Amino acid sequence: GYLTVQADRQLVGLNMVEGRTKIKTKTYVVEIEEERYFFQIRKMKGSTRVWIGDSSGSFKALNVAVNTPYSTVPVCSDLLPMKEGEEAAAFAQRLCKKFGETFYVSYSAHFSSPSRRLAVEKGVFSAISATM
C-alpha cells in the first residue's frame, strides 16, 4: 500500500492490504472475590503484547523484554514509564525467558494485594501456554 502526506498533514491516498497479518488477540476476565481484572494477549510474529487492566480500560506502564546472546536474563526497557513499571518489567522478563520471544507488557490495573497480581499473572501464563 502507499500513503502520501501533504504539507498540511492530510492523507492523500491510502491502500489497505487485508489478509497479510497474522495477529491473534484474545481477551480474558479474572474474577477474584469482588474484583474483576482483564488481560488481553496479542500474539504477533516473533512477539507478544500483554495488557493487564481493570474495567477503566486505561493503558499505563509499558515495558518490553528481549532475549540477547549477551545475558541469561532478558533485557528490559520502559517504553511508557509509570509507577507500575517495576512489576510490568519483571513480568515481561519472566515471560520472555519462559517463552523465548519478545514481550511487551502493560500493567494498567491497581492490585489491592500481591496475591491478586500473582493470580492474574498465573492466568496470563496459562493462557499463553495454551496458545504457543
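Close-up 1. Tyr28 is partly exposed, with a relative accessible area of 25%, whereas Phe39, at 3%, counts as buried (buried means under 20% relative accessible area, exposed over 50%, and partly exposed in between, with a 1.4 Å probe and protein chains only). This is a predicted model, in which local features need pLDDT of at least 70 and side-chain atom pairs count only at pLDDT 80 or more, while totals for chains, interfaces and linings use all residues. Residues are numbered from 1 along each chain as its sequence is written, and side-chain values use heavy atoms, with hydrogens and water left out.

**Close-up 2. Aromatic pairs and the stacked rings.** Rings of Phe, Tyr and Trp (its six-membered ring) pair if their centres lie within 6.5 Å, and planes under 30 degrees apart count as stacked, over 60 as edge-to-face and the rest as tilted. By this rule there are seven aromatic pairs. The rings of Tyr28 and Phe39 have centres 4.8 Å apart and planes at 20°, so this pair is stacked.

**Close-up 3. The edge-to-face pair of Phe91 and Phe125.** The two rings lie 5.6 Å apart, centre to centre, with 75° between their planes, and the pair is edge-to-face. Phe91 is buried, with a relative accessible area of 0%.

**Close-up 4. The aromatic cluster and a charge over a ring.** Tyr37, Phe91, Phe99, Phe103, Tyr107, Phe111 and Phe125 form one aromatic cluster. The charged end of Lys98 sits over the ring of Phe99, 5.8 Å from the ring centre (a charge sits over a ring if NZ of Lys or CZ of Arg is within 6 Å of the ring centre and within 35 degrees of the ring normal).
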